[in-house]
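Dear colleague,

Please find below the structure that I am handing over to you. My notes on it follow directly after.

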Amino acid sequence: MDRKEVAKIFEEIATLLELQGANPFRIRAYHNGARAILNLEGDLEEWVHQGKLDELAGIGADLAKKIETLVDKGKLPFYDELRRSVPKGLLELMQVPGLGGKKIRALHEKLGIASLSALKSACLSGEVEKLKGFGKKTQENLLDALAHQEAYSKRHLFWEALEEAETLIGKLRKIPGIVEVEIAGSLRRGCETIGDIDILIGTDDPEGVAKKILTKLKPSRLMARGSAKITLRLPEGMQADLRFIAPEQFGFALAYFTGSKEHNIRMRERAIARGWRLSEYGLEGKKSPFSNKAKAPTEKDIFHALGLPYIPPELREDLGEFAAAEKGELPHLVEEGDLRGAFHNHTSASDGENTLEEMVKAAENLGWEYIGISDHSRSSFQANGLSEERVLSQVDKIHKLNSSKRFSTHIFTGIECDILRTGELDFPDSLLKKLDFVIISVHNALQQDEKTMTARLIRAIENPYTTMVGHVTGRLLLRREACKLNLNKVIDACAANGKIIELNAQSKRLDMDWRWWRSAKEKGVLCSINPDAHHTSDLLYLRAGIKIARKGWLEAKNIFNTRSLAEVSRFLSRR
DNA sequence: GCCGTTTTCGGCCCGACTGTTTTCAGTCG
């Protein structure tokens, strides 16, 4: 059983316990346990067999035992028993916004409700509003939630949420009375998918500003409206939380609403250890460094007060940032301006929408020193993959363009070469050696089992002409799971063979996942942030790639395309 | 169920909002 399955079972246990009305801290322990497993470095099986599980923060003797049982036996009697004791339909009720363990228990005990359809009928017949603790409004809200369940529980791609949020911010900045506006929440932390957009607004007049916002934005639905926050649904369908805060408290609120929740808990614990109380409004208590209200503290000031250097938002996941900060070992994260070009760009020769010249022109406009062109290889016929002859003719064209000096951006010749089922590459070495670089990618037979897929990739990585691995797991966010793969072994193979791993910045991919980059970097594997562009506008995806690279603790020196044209040329010619 | 410079028991982050209540419970992040 792999880490994802174990984590999923722990999450389900937490939900089942909630339905049973268990101790909330016990429930939290299972959530934390799931998170710890999902984020551990290396192989879960190795951790189990070395008996080191309880070294992980959040895993104690009991959870370690349960993980061992799951990994070794593939099942857990405690979990099976728990599932038997809770009616199956109650789990799906937990997905309904507004329903938690206690309300569901009441619905089940008093009305025998154990499914979404039973809940709907009970609401329609008016039975629900008669229950103690429920009422007419609750019943209406439940019906509304049931009707829109799919839309309301939907998550969004980072890139789409970012575009939406930036448009929103643009509108907000024009509203009088707003002193400061910032994106907070998971979007600011650079998470790959986003539930809702969190915006923090600094103002002395929350009432007046809220009114102006509601008139101007015309939300399709107002979900909540209080004095400190409004929650609304934007016309485009995304949910936004707008929170108001006095300008002098902005730093506290920004830190708080950026999260993550787990990071915040650690921050508050640090405050308590120093005899203070930290909240979104301030740091209070005797000898608080901020008792003098002369100057509004920034996030940096708050970290300093708690004995820490500034921790960038992308790292605030309680995944080791505190330990690193205390040792002065926080990474100096890569920044947008560090990139000098990128690889993995398609043209209309295969399935891109723009010609070679248009792509190079767009790169030049962005100030890139170089651009790598890599159309699909012949087996990707669905993407109009190139034959050997067409590759050679494109290479010829690029050489002529380079020597013509028509563009200030240098063009590298390349290919996105299919990895066939066996791990063989789609083109013979005789062709691959004529190219500046080779990206190897899996585009078919994604269903292979873990062992086969891992061996397939490693064989392709060992080809001497391979430069880098493209979208390594093949996942499509919110649509298709990653293929079954032992990433740990793939990373080791790249380290052993001096191969680069791509961080595919395409908004739907963001692959390899940020959780793996720290260990890749420690093993000395280079990252190339690539847009996988099929249109000139896709080159901008690099912004998302940078965010994910930062989330993976990467520095400029870990990233291939922060290097100069001369350095990159030297590296590529060594193949 | 986890955890420990307040250490093997007794804590566990903290506030906003809604809807049901008439001071608070439940849910959410």
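The notes below cover the DNA-facing surface, the nonpolar cores and some backbone features.

This is a predicted model, in which local features need pLDDT of at least 70 and side-chain atom pairs count only at pLDDT 80 or more, while totals for chains, interfaces and linings use all residues. Residues are numbered from 1 along each chain as its sequence is written, and chains are lettered from A and ligands numbered from 1 in the order in which they are written.

DNA strand B is surrounded by 41 residues, of which Gly60, Gly100, Lys103, Gly135 and Gly226 are the closest; a residue is near the strand if its C-beta atom, placed from the backbone, lies within 6 Å of it. Helix 15 (261-273) is one of the elements that supply at least two residues each, as are helix 2 (24-39) and strand 5 (221-225). The most comes from helix 15, with seven residues. Helices (H or I, at least four residues) and strands (E, at least two) are DSSP runs, numbered from the N terminus. By class, this surface has 14 nonpolar, 14 polar and 13 charged residues; Ala, Val, Leu, Ile, Met, Phe, Trp, Tyr, Cys and Pro count as nonpolar, Asp, Glu, Lys and Arg as charged, and the others, Gly among them, as polar.

The largest nonpolar core has 113 residues, and Ile199, Ile501, Cys527, Ile529 and Ala549 touch the most other members. Helix 14 (residues 250-258) gives the most to this core, with seven residues. Apart from it lies another core of 34 residues, including Leu19 and Leu142. Such a core is a set of buried Ala, Val, Leu, Ile, Met, Phe, Trp, Tyr and Cys residues joined through C-beta atoms within 7 Å, where buried means that 20 or more other C-beta atoms, placed from the backbone, lie within 10 Å of a residue's own.

Two peptide bonds are worth noting. Gly259 and Ser260 are joined by a cis peptide bond, with omega about -5°, and Ser260 is found in the loop between helix 14 and helix 15. The bond from Asp511 to Met512 is also cis, with omega near 15°; Met512 lies in the loop between strand 15 (500-504) and helix 23 (517-522).

Asp318, although not a glycine, has a positive phi of about 55°. Asp318 is buried, with 21 other C-beta atoms within 10 Å. Asp532 likewise has a positive phi, of about 50°, and counts as buried with 26 C-beta neighbours inside 10 Å.

Yours sincerely

Note on methods. A residue is buried if 20 or more other C-beta atoms lie within 10 Å of its own, exposed if 12 or fewer, and partly exposed in between; C-beta atoms are placed from the backbone.
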